[in-house]
Amino acid sequence: MPEISPPKRRLVILISGRGSNMQALAQACRNEGWPAEVAAVIASKPEAAGLEWASHQGIPTAALYHKDYASREAFDAALAAEIDRYEPDYVILAGFMRVLTPGFVNHYAGRLVNIHPSLLPAFPGLHTHAQALATGVRVHGCTVHFVTPVLDHGPIIAQGCVPVLAGDTPESLAERVLAVEHRAFPAAVRWLAEGRVTLTSDHRVNVLGDPDRLFAWSPAA
């Protein structure tokens, strides 16, 4: 009898803007033959530019605008209902600029993954690149992590690091961080798709095969 391949893990990606990380994930999934598929891209803004790109790739899309809902809880309930239509194995936050309610986060416990543009636990919240420059750190970066009800907190899957250079602005630093995000994020999501990621009892991440989980920026990358 022919060998039966296991079902592909289904990914729903949430965005708020152009979705450059979403594009990096979708392209890596397709080009590298992950055992996964991007089941849908959902945006928090109808005008999010990433929706058009996803649609052109044949990926189902949807948008929910938070101002159409009476409360944060109502928006999150509607968002969860839309996500669950696609029966995802993982929900990936790729620049999704909404603070999610504990009820939403707990609904996807162990399946909700975010990328944050700093080396957590340093610089949670917004304006991370300006925060880094203001404090004078010499190394900055990004963190891929499981989401918990605590903002920008949770077990770390992978990180990327970049140097902070003399004369950097928040914009130049952001560009460097984004380049390493596009390496760290696809690697981490691929590990999830391959079923290699587990959480220990003390809420730490193990990855089968013990790959390097720190991605360093280089000018040639």
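Biologist: Starting with the record, which residue does a "binding site" annotation in the unreviewed UniProt entry cover along with R72?

Modeller: Some ground rules: this is a predicted model, where local features need pLDDT of at least 70, side-chain atom pairs count only at pLDDT 80 or more, and totals for chains, interfaces and linings use all residues. Residues are numbered from 1 along each chain as its sequence is written, and side-chain values use heavy atoms, with hydrogens and water left out. UniProt positions follow the numbering used here, feature names are shortened, and annotations may be inferred rather than shown by experiment. With that said, the annotation covers R72 and N114.

Biologist: Which of these residues is in the lining of the largest pocket?

Modeller: On a 1 Å grid over the protein atoms alone, a pocket is an open set of points where a 1.4 Å probe fits, with protein on both sides within 12 Å along at least five of seven lines; lining residues have an atom within 4 Å of a point. By that rule, the largest pocket's lining includes N114.

Biologist: Is R72 buried, partly exposed or exposed?

Modeller: R72 is in helix α3, residues 72-84 (helices are DSSP runs of H or I with at least four residues, strands are E runs of at least two, and both are numbered from the N terminus). It touches R98, V99 and T101 once neighbours within four places in sequence are set aside, where contact means heavy atoms within 4.5 Å. Buried means under 20% relative accessible area, exposed over 50%, and partly exposed in between, with a 1.4 Å probe and protein chains only. R72 has a relative accessible area of 38%, so this residue is partly exposed.

Biologist: And N114, buried or exposed?

Modeller: N114 sits in strand β5. Skipping residues up to four places away in sequence, N114 is in contact with L93, T143, V144, H145, V147 and D152. Its relative accessible area is 10%, so N114 is buried.

Biologist: What does N21 touch?

Modeller: N21 is one of the buried residues of α1, a list that also holds S20, M22, A24, L25, A26, A28 and C29. What covers them includes β1, β2, α2 (49-56), β4, β5 and α6 (170-193). Leaving out residues up to four places away in sequence, N21 touches A94, I115, L178, E181, H182 and F185.

Biologist: At what angle does α1 run to β2?

Modeller: Helix α1 (residues 20-31) lies across β1, β2, β4 (90-93) and β5 (112-116). Axes are lines fitted to C-alpha atoms, for helices over the stretch in contact, and angles run from 0 to 180 degrees between N-to-C directions. On that scale, α1 runs to β2 at about 160 degrees.

Biologist: In what order do the strands of the open sheet come?

Modeller: Two strands pair if DSSP finds at least two bridges between them. Eight strands make up this open sheet, and the pairing is mixed. Its edge strands, which pair on one side only, are β3 (61-63) and β10 (214-216).

Biologist: Which residue in β2 is the bridge partner of I13?

Modeller: Strands β1 (residues 9-15) and β2 (residues 36-43) pair in the parallel sense over seven bridges. L14 stands opposite I42 in β2, and β2 is mostly covered, with seven of its eight residues buried. The bridge partner of I13 is V41.

Biologist: Last one: how far apart are the C-alpha atoms of V197 and L208?

Modeller: V197 lies in strand β8 (residues 197-199) and is buried, with 13% relative accessible area. Not counting residues up to four places away in sequence, V197 touches F146, W191, L192, V205, N206 and V207. V197 and L208 are eleven residues apart along the chain, and their C-alpha atoms are separated by 6.5 Å.
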